[in-house]
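Hello,

Here is the structure for your files. My notes on it follow below.

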Protein chains: 4
Amino acid sequence: MKVLLTGFEPFGSETVNPSYEAIRQLPEHIGRAELVTARIPVSFEQSGPVLKEALAIHRPDIVICVGQAGGYSGIAMERVAINLQDASIPDNCGVQPSEQPILPDGPAAYFSSLPVKKLAAALRQNGIPAFVSNSAGTYVCNHLMYTLLHLIDRDHLPVIGGFIHVPYSTRQAAAKTPVPASMDLAQITRGLALAVETLV
Amino acid sequence: MKVLLTGFEPFGSETVNPSYEAIRQLPEHIGRAELVTARIPVSFEQSGPVLKEALAIHRPDIVICVGQAGGYSGIAMERVAINLQDASIPDNCGVQPSEQPILPDGPAAYFSSLPVKKLAAALRQNGIPAFVSNSAGTYVCNHLMYTLLHLIDRDHLPVIGGFIHVPYSTRQAAAKTPVPASMDLAQITRGLALAVETLV
Amino acid sequence: MKVLLTGFEPFGSETVNPSYEAIRQLPEHIGRAELVTARIPVSFEQSGPVLKEALAIHRPDIVICVGQAGGYSGIAMERVAINLQDASIPDNCGVQPSEQPILPDGPAAYFSSLPVKKLAAALRQNGIPAFVSNSAGTYVCNHLMYTLLHLIDRDHLPVIGGFIHVPYSTRQAAAKTPVPASMDLAQITRGLALAVETLV
Amino acid sequence: MKVLLTGFEPFGSETVNPSYEAIRQLPEHIGRAELVTARIPVSFEQSGPVLKEALAIHRPDIVICVGQAGGYSGIAMERVAINLQDASIPDNCGVQPSEQPILPDGPAAYFSSLPVKKLAAALRQNGIPAFVSNSAGTYVCNHLMYTLLHLIDRDHLPVIGGFIHVPYSTRQAAAKTPVPASMDLAQITRGLALAVETLV
């Protein structure tokens with residue numbers, strides 16, 4: 001069994017992205033599962049192709065895309081991706097869509113095929129703040145989640161997949177005024193490991 | 001040089017108090033300073049006497065009282081204690097004062113003799129979210145801080161002292177809905193160690 | 001031209017619902033539009049039938065369902081309803097679904113056919129705090145919005161429709177500790193009137 | 001009986017200050033009390049002299065200084081002013097003190113001589129969100145409150161006085177992203193009128 005975890009490069013005014021920092025620190029194996037990772041550009045146009053390539057190379061059974069949700073106080077299991085992109089800041093390539101569909105003929109939304117409530121409960125039972133979120137926003141995170149679930153659906157991939165949002169790392173929060181909620185990178189990593197463990 | 005750190009027992013609906021959990025995990029020495037600790041009851045009547053006894057036993061040069069501030073996103077260096085107690089819930093002995101002075105003839109307030117801005121900056125530079133707070137509330141935390149600073153002032157103790165509020169631990173936050181901001185206990189402990197290091 | 005506005009009865013521990021209080025105070029006409037209203041039960045099973053009946057009776061051109069979003073600081077134009085019901089508290093009939101579809105064979109989501117960004121901008125330009133929201137939750141509000149958009153879609157109704165969430169009224173907030181964000185009922189009403197005015 | 005209410009000029013990036021806008025809209029009499037107002041500059045150096053002049057001219061029995069607390073969800077009765085000024089942004093004259101006493105030989109703090117809990121309760125009973133605050137910050141608001149209470153104390157003025165913080169007006173909040181909590185200016189004015197009514 002193979003699990004692909006993706007994280008994003010930094011964006012906005014940040015120099016790190018806890019999503020990628022965390023998945024890099026995951027072990028190569030959890031239980032009987034092999035873990036592989038990919039780094040996704042914060043780009044409406046390039047994130048999908050990079051994900052598609054990672055799917056082709058690794059042929060994973062489970063895909064968990066991870067992104068940063070600044071200000072969150074826990075790890076958020078995203079329930080649904082919507083067919084819309086609407087950016088309040090440009091992406092890393094300067095693209096800033098306004099109220100456009102991701103896929104003009106695609107369905108309005110895709111639900112995560114991960115058991116989101118079960119995952120949130122598993123993390124909480126292990127002392128990691130977690131919850132289910134009903135919106136992954138309308139920026140590149142939602143775009144990537146929608147793209148992943150669309151590829152699984154369209155190509156009938158034998159894959160379950162979804163998206164997890166993680167808080168600012170403690171280190172990021174320490175540089176901001178006022179101080180936002182955050183989570184230690186080691187705890188974010190532990191939370192993601194627990195999610196994988198729950199799934200495999 | 002001796003540093004006394006105090007933490008509180010649990011109160012309200014909590015079964016742990018991160019203030020005491022954190023100080024217990026501090027090393028016995030930081031630089032040339034010896035660290036000693038005391039556990040303070042969450043009691044308007046008993047907290048002062050227990051602190052006074054700890055001061056008499058340990059004769060510290062620096063005293064840092066630590067308490068829990070549920071919902072805080074960082075470590076708060078308290079600037080001032082006010083001569084007032086006003087409790088929205090009873091303390092652990094069932095006492096619930098309403099708008100009473102701590103010390104009928106005492107001054108309206110005492111400022112911390114710790115360098116609060118310098119401490120917050122030191123923590124932030126080391127990646128720990130921290131800030132200065134201008135109110136320690138009107139519950140037992142403020143009562144203890146006022147009592148400490150009053151004892152130092154009245155008895156001309158050669159001591160600098162103050163109060164630090166710490167967030168919920170990650171583990172505490174994981175049991176709450178919605179999930180409040182929190183900090184990993186190891187990071188809280190590291191933050192307190194950095195504060196001691198900055199002072200000595 | 002006819003506009004149907006719906007509001008909810010109170011739920012949870014509330015004795016009023018600002019959504020219904022506000023629509024009751026709207027005038028009978030705004031510009032060339034006639035306004036009619038309906039009161040919807042906070043019930044997963046009964047809200048849809050009551051809405052359907054109101055649609056049949058009034059044959060409106062525009063439908064705006066309104067609900068309460070406790071803690072919101074402005075009027076939220078909901079962008080999307082998802083095919084899921086998951087209740088953290090029972091509805092007013094004691095029904096509490098957990099992760100069930102609203103319509104087993106329905107699409108994953110429906111987008112509002114109201115111009116949500118334009119509506120939010122119109123309110124803000126007139127001094128009413130407003131924004132676009134990407135989740136109407138998974139309680140009866142989302143259920144009603146999904147049902148409305150499904151009926152429009154399935155029956156090819158010549159109707160545009162959507163959902164607007166309003167904050168606690170100032171009066172509701174005054175009874176809570178700590179005090180949540182709120183909006184004066186007169187301002188909520190004015191915001192809804194502005195939304196209708198923008199649409200007609 | 002005469003009541004002096006003061007409000008501030010705008011500061012920071014704001015073009016209005018709801019504290020002054022609200023007191024301007026108060027009636028000339030409430031019950032048997034005559035109301036007079038003054039506009040205070042947002043200046044560490046000039047706010048005190050302007051207040052002192054207003055006290056000399058009007059010889060009020062009650063003084064309520066009012067200021068803006070951006071982000072507050074209700075009207076805050078300030079309990080205490082501390083002898084410290086520490087500004088994160090310059091005042092309107094470009095002055096930005098860092099951790100300085102307001103009055104080098106003054107007491108650490110002064111308590112409001114207004115019945116703060118009673119006032120908050122009176123407003124809440126009338127449907128206006130209100131609470132007691134234990135910190136007026138360390139900017140010009142706290143400076144003015146400290147100065148007022150010092151003048152009353154030093155000169156044995158037969159005056160009761162204190163400070164009330166009010167939220168952003170709804171109009172101010174509508175121009176911000178994300179939308180902060182706010183209160184309709186008419187409700188702020190009504191809250192201040194209720195406070196005066198409770199006092200006289």
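Chain B and chain C do not touch, and their nearest C-alpha atoms are 10 Å apart; contact here means heavy atoms within 4.5 Å. Chain A and chain D are likewise not joined by any contact, with closest C-alpha atoms 10 Å apart.

This is a predicted model, in which local features need pLDDT of at least 70 and side-chain atom pairs count only at pLDDT 80 or more, while totals for chains, interfaces and linings use all residues. Residues are numbered from 1 along each chain as its sequence is written, chains are lettered from A and ligands numbered from 1 in the order in which they are written, and side-chain values use heavy atoms, with hydrogens and water left out.

Interface of chain A and chain B

Chain A and chain B each give 23 residues to the contact. The area buried between them is about 1600 Å², and carbon and sulfur atoms give 51% of that; buried area is the accessible area (1.4 Å probe) that two parts lose on being put together, summed over both. Arg124(A), Ala174(A) and Val179(A) supply 33% of the area that chain A buries against chain B, more than any other three residues.

The count of salt bridges between chain A and chain B is 0 (a side-chain nitrogen of Lys or Arg within 4 Å of a carboxyl oxygen of Asp or Glu). Polar contacts are found for 10 residue pairs across this interface, with both residues at pLDDT 80 or more; the rule asks for a pair of N or O atoms within 3.5 Å, and within protein one must be able to donate a hydrogen and the other to accept it, residues adjacent in sequence counting only if both atoms are side-chain atoms.

On the side of chain A that touches chain B, strand 8 (130-133), helix 5 (170-174) and helix 6 (185-199) of chain A are the elements that give two or more residues. Helix 5 of chain A has the largest share, 4 residues. Helices (H or I, at least four residues) and strands (E, at least two) are DSSP runs, numbered from the N terminus.

Sheet of chain C

In chain C, 7 strands form an open sheet with mixed pairing, in the order 2-3-1-4-9-5-8; two strands pair if DSSP finds at least two bridges between them. Strand 2 (29-30) and strand 8 (130-133) of chain C are at the edges with a single partner strand each, so one side of each has no neighbour in the sheet. Strand 5 (residues 75-78) and strand 9 (residues 160-166) of chain C pair in the antiparallel sense over 3 bridges.

Regards
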